[in-house]
Structures are given as C-alpha cells and as structure tokens.
Amino acid sequence: MLREYLVDLLSPDTSAPMQYALDRRTFWFSHYLSTGLRTSSGILLIAILSIWLLPPLLALSTAFGAATLALVDLSGPWRSKVRELFASLLLNFMASLGVGLLAGHDLPQALFTMVVTFASGFLFLYGNRAMPVQFSMLLAMTLSMVHVEDRPDAIITSLSMGAGGLAYVAYALAISRWQQHRLKQQVLSECLFALATYFHIKRGFYERGVDLDKQYTQLIKQQVVLAEKQQAARDLVLQREQDQDDARLIKIHLAMLDVYEQILTTHADYAALHEQFGHHEVLLFLRDLVEKATRDMESIAYAISRNQKTLTPVTYVAEQRAIEYDLQQLETQGVDTVILRSTYNRVLELITRIGQLHAALQQPTDRLPALNMGLFISRPSLRLEMVRDNLHWQSPIFRFSLRMALAVGAAQLLVHLLPYSAHAYWIMLTIMIIMRPSYSLTRIRRQQRMVGTAIGCVLAFILLQIVREPIGWLLVLYFSLMVSSTFVQIRYTYTSAGATVTVIMLMQLTSQGNGTTMLLERLMDTGLGVALAAIFSYVLPNWERNALPNLLQRLLASANTYVRESRHILLVDQVDDQPYRLARQQFLAQIAGVNAALLRMLDEPRARQHDVRQFNQLLVRAYLMASHIAGLRMFLRRNPEWLHKPAYQQLLGHALNNAETLVQQAQRTLAGDANASAPLSCLPESMVSTTTAPEDTASAILRERVLALCDDAHELVALSQLARDNLYSR
C-alpha cells in the first residue's frame, strides 16, 4: 500500500484525473505542503531560540508548547485561525498546569486526566475544526505528565509551555496573514480539481456496458468530497475582497458554481440512451467530449495552483463535428434523436460555461454580483448550551467522551500491571489519536496508526545507524515534522510514520538512550494503545444507523426548501437567485452528509449494517431532483421567451407545487406519520397525455424534465417508507 502511495506521488498516472494532494504536478504547490513547511519551520525556529535563551528543561517545555499549538495551525480563514489558536493556547495551559500540579499523586492525576479527556470530547460538538484543538489539549496534558514528573515548579513549566505556544501563535498568524491570498488560490484550485474528477465520473455514463447503479454510487461518493472542498473554498474565497486579485478569485468561484450547476443538468435517461444508441459510436464521442471537458477543468485548476492567469483552452472541434455528423445521419434514417440531441446540447452548454470560467481567470474583474457572501460561509455555533444539551446517555458525543475517558483510565491502570516500563503517555496518545465518535473512523485510524508506527520505527532504526551527529538529527527532526504536518489530512499513515521518527529523534537528542530499545518500546506501547482503542470502541458504541433518521429528515427538509426556492426563481423572480443558491448549497451538502454516513456504515460490523443500497437509491432520487431543477433553470436561460407562455406557467407551477407536497409527504412518512396518505400524481392526466403529441424540441425537453422531476419526487415517498421500515425493523 505504501509503495502505491509513493508511486502516485512520484510518478502519477497522467491518464487519470489529477489528484491535487498526491500528484507531483500539484503536490509541490498545494496548501498541504505549505502547511507542513510552515509548522515545522515554526516549531524548529522556536526550539532553537529557546535553547539559545533558556535553561535546557525550560527550553524543552517551550518547544513542546509550540509543537502542541502547531497542531491547530491548519488551512482556513484568518479570523477562524485566530479564534482556534487562542482557545487552544488557553486550554493547553490549563490542562498542562492541572496535571503538573498533581505530579507525584498518581490517583488524583489519573482522575484529572480522565476528567479532562471526557471534557475534551465535547469539543467535537463545534465541528471538524475543533478536532485539532481537542487533540492539542490532550497532547499538552500528556507531555506535561512526562516533563514535570517529580518537579515542584509545575507553574513555571506550564508558563514556559504557554510562552512557546504564544510565540507560535504570533508566528502562525503573521505567516497566515502574509499568505492569505495564496491560500485562497490553493484551496480554490483543489476544489476545481475535485470538480474535474466529478466530470470524469460523469463521462463513465456514456461507456458501453456501464453499470449505471455503480456509476451513480461513485458520483454521489464524489459529491461528498466535492461538497467538502466547495465549502472550504467558500469559507476562504468569499470573504470580503481586499483587492482586484481577491475579487477575481470570487468571480472564478461563482463561475465554477455555474459550471457545477450545468454539469447537474447533463443528466439524461441513461438507460434509454444506451438502449437506443448503445451500439453506436455517437455515445463514445459524447464520452470523449466530457473527458475533454475534464482536462479543460484540470487546466484551469492547474493554472490557479501555479498562480498563472493565461492558458490555452482545450479544443472540442473534432468531437463536435463527429457528433453533429452522426446526428444528421441518424435523423436522415428516421431515428428519433430527441434524447440524444438534448443530451448533446447540455454538454455544449457545459463547454460554454467552462469558457466563461476561462474568461473569469483571464480577464480583469468587473463589478461582482450583489450577493451577501456571508450567507454562504460556514459559521459554526459556539454556544455553551450545546454542551448542556448533550449531557445525557442518548447523546453520541456524551457516549464518545465517556468511552475515551474510560480507555485513558484503563491505559494508566495497565501501565502499573505490565512487567516492562511501559510509557503511559504514549499509550494514552495512541488512544487519543485513534478514538473517534464513530466506529468506522476509529477502525480506520487504528489500522493507519499501527502501520505508520511500524514504518516509522523501521525508518528511525535506519536513520539512527546512518546519522551520528546532533546536527543531522536536527535535520531529520525537521523533515519528519514536515511530513507529519503535511499529510495529517490526506494520508494519516505518513503522519504516523513521521511522528514516530520525530519522537525517536527527539528522545535521542535529549536522553542519548538506546535506540533499539526505544524502537521496541514504541512498537509495544502503540500496540497496547491500538488494542485498548479496539476494545473500547465497543463500549457505549454509536452506530451510524442511530444517526440516519435525523440525517434523512434534514435531507428531506432541505429538499423541500430547495423545491420551494426553485419555484420562486423559475416562476417569479429570475434575477434574485441568492435564496436559490443558498438552498441548493444546503441541499447538496445534506446529500453528501447522508452518503458519508452510509460509507461509514460499510466499515461497521455486518450485524450493524442495513441495506445501504436502498438508502443509496433514495440519495440518487434526491440528487436527480437537483439535476432536473438545474436543467429547468438552464432551459429558461436559453429560452427566456417561455417565461411569458401561460402553458409553461401552468405546467411548471403545477409540477413544482406537487413536487413540494410529495417531499413533505416523504418527510411525514419517514417520521412515521400514520395519517400520511398515498402519494398523489404529480401531474394531471391531461398534462401527461399531451406529451405524446407532436411538438417542437424545446417543448419536448421541458416536458421531459418536468415529468422526470415528478417521477423522482413520487419515488422519494416510496423510498422514504422503505427507509423507515428498514431503520425500525431491527
């Protein structure tokens, strides 16, 4: 597995979509590497200054303080970083001081560590960005257990750790302020690469013999990734612009969202498409056209990652001529090509949107749309009442916090029973790193931690044989810190290996201990920590099935809002699309959230798994509703005259009203409302019957979209009933 990762990094497959984080063409310009360089340089700089200015023991604790704060220094908005770093600084000082004052009193100290561990679990309530704050506090506490053992000056030691942390905060904020625009470019580039991968999956729908169910599953999996990257880009790019460069990035981001909405519209009845034209080369030409669009998107993302503004767009002429020729031949033969031509036209519109994205990259920025950008930026709630509301047995966070506290207590008890000198702090750190609120994430981290530690021990053993001088150890220490910081979000196995090398080198620099003995002890302690984490993952577990009812209700509620805002923008106000954009963002984010839960469920014991395929079908229907609504919006952009046709108003108004009613009925069905009636027909029979009458292409496309939207809304009710039966049948 490690060999494959290294091959991907050093010699990637250029025929596949670029992987922003692990492709050598983009990795060296990524924000992951920038973060690694920034944090490792800051820690080493503060450590060297501390050694120069302070006594050895205080210098070491100062360096430890800087290292704990570096964990919180992740890519993100500057204001969020200020809040997180200062909160972490305060929590770290309190935790290190408390455990230091209890040095020499084993039982009170053990109880204190369990209480702090329990309390730290509630930080997960405040979102993913609180996770590094939680671990930073626990790391500061465990390092203090070692560093101030049998020392009466716990206050001085904690203050020196706090001073090191404060120095790192000043360093990190200064560097981040300086690099803020560059970070916006990097995060936006990563989002565009994720969108290009989404394109690549869409092209698979035109392959001969494709399994459509598997293709939809891949598409929605990528939707999880894309939703995460899009929100990260929004949080950075949509901050108030400081200059023309920031305004250009906002314009690129908005153009990217238009491209994304357009790719949603390219959905077609793929089963019918393959049934009619699966034997014909025209589908392969469509596949190649979308593949070129993928490469075009990658070229834009690549230019942004390199801070370039000019590039040569991809040419689509050959594929377009081939498709036009085949369409003419088929129509000459009397073949009905409405579905094929409408699909082709949507792909052409997608290419036009990509051209507008090129223009946004190359041209000076004019006035931006009158949008309230702040509405699209994530603002996690920081209310203390959230902790109070979760102080009960049914709360997943409460159960996780208690589970982790018990595991840490068991680790400290186990240390006193083992025949060899186990390091309680290392076992505890292993548990704290591995354990997560969900069983799935705990299991994955467990494997990564063990493999990474083994690799790190092997590397450290080799390095100890080669490197003999302290200056060499410092260089190794710098690079191992950089690796562990760079890969913490993308390849935790690498991070674990780098952290192991860091600890071994640090111990070699400070204690001159026996290298082989340290390596063996590190492996044994890690194994014990992994074993305890595995055992306690079954204590008060929180299975994904428990979260699914609430997640599905939120999905249907956001679908209801999306349909309502879509009706407003399609029938009332074509100009003010801010509520529509916000509803679309939230709806697609909810689809991604449910799918992420289903993926985690697949890592749980089989007895705890439900029919994931059934839930996936519900997600597909929800996703297709978004696709059809996006298609209707693009239809009106191309045919604005339809806005004034009474027939259009009647058809679409009736369909959207009933689609909203069906989504509300799906909500009631999922909630177990005994009064939920049978699903109504979305369109009157008179409207459906006219679809067989001769009509122009635009009218046929409109009716096709409306009928598909109605069918999916109707199916959503039936799938909600099946989902409820599935969730409550065991």
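Mentor: In this predicted model, Asp106, Ala110, Thr113, Met114, Thr117, Phe118, Ser120 and Gly121 of H6 meet a set of H17 residues that includes Ile397, Phe398, Phe400, Met404, Gln412 and His416. Contact here means heavy atoms within 4.5 Å, and helices are DSSP runs (H or I, at least four residues) numbered from the N terminus. By class, the contact of H6 with H17 has 11 nonpolar, eight polar and one charged residues; Ala, Val, Leu, Ile, Met, Phe, Trp, Tyr, Cys and Pro count as nonpolar, Asp, Glu, Lys and Arg as charged, and the others, Gly among them, as polar.

H6 covers residues 106-121 and H17 residues 396-417; their axes are 8 Å apart and the packing angle is about 155°. Axes are lines fitted to C-alpha atoms, for helices over the stretch in contact, and angles run from 0 to 180 degrees between N-to-C directions. H6 and H17 are therefore roughly antiparallel, a term for angles over 145 degrees. The crossing of H6 past H17 is right-handed, meaning that the near helix is turned clockwise from the far one by less than a right angle.

Residues are numbered from 1 along each chain as its sequence is written. Local features need pLDDT of at least 70, side-chain atom pairs count only at pLDDT 80 or more, totals for chains, interfaces and linings use all residues, and side-chain values use heavy atoms, with hydrogens and water left out.

Now the charged pairs. The structure holds 20 salt bridges, each a side-chain nitrogen of Lys or Arg within 4 Å of a carboxyl oxygen of Asp or Glu. One of them joins Arg38 and Asp73, with the closest N and O atoms 2.9 Å apart. Arg38 is in helix H3 and Asp73 in the loop between H4 and H5, 35 residues apart. Both Arg38 and Asp73 are buried (under 20% relative accessible area; exposed is over 50%, partly exposed in between, with a 1.4 Å probe and protein chains only).

Glu84 pairs with Arg129 at 2.6 Å between the closest N and O atoms. Glu84 lies in H5 and Arg129 in the loop between H6 and H7, 45 residues apart. Glu84 is buried at 9% relative accessibility, whereas Arg129 is partly exposed at 29%.

Within H13, Arg295 and Glu298 are three residues apart, about one turn of the helix, and their salt bridge has its closest N and O atoms 3.0 Å apart.

Terms used. Helices (H or I, at least four residues) and strands (E, at least two) are DSSP runs, numbered from the N terminus. Angles under 35 degrees count as roughly parallel, over 145 as roughly antiparallel, 65 to 115 as roughly perpendicular and the rest as oblique.
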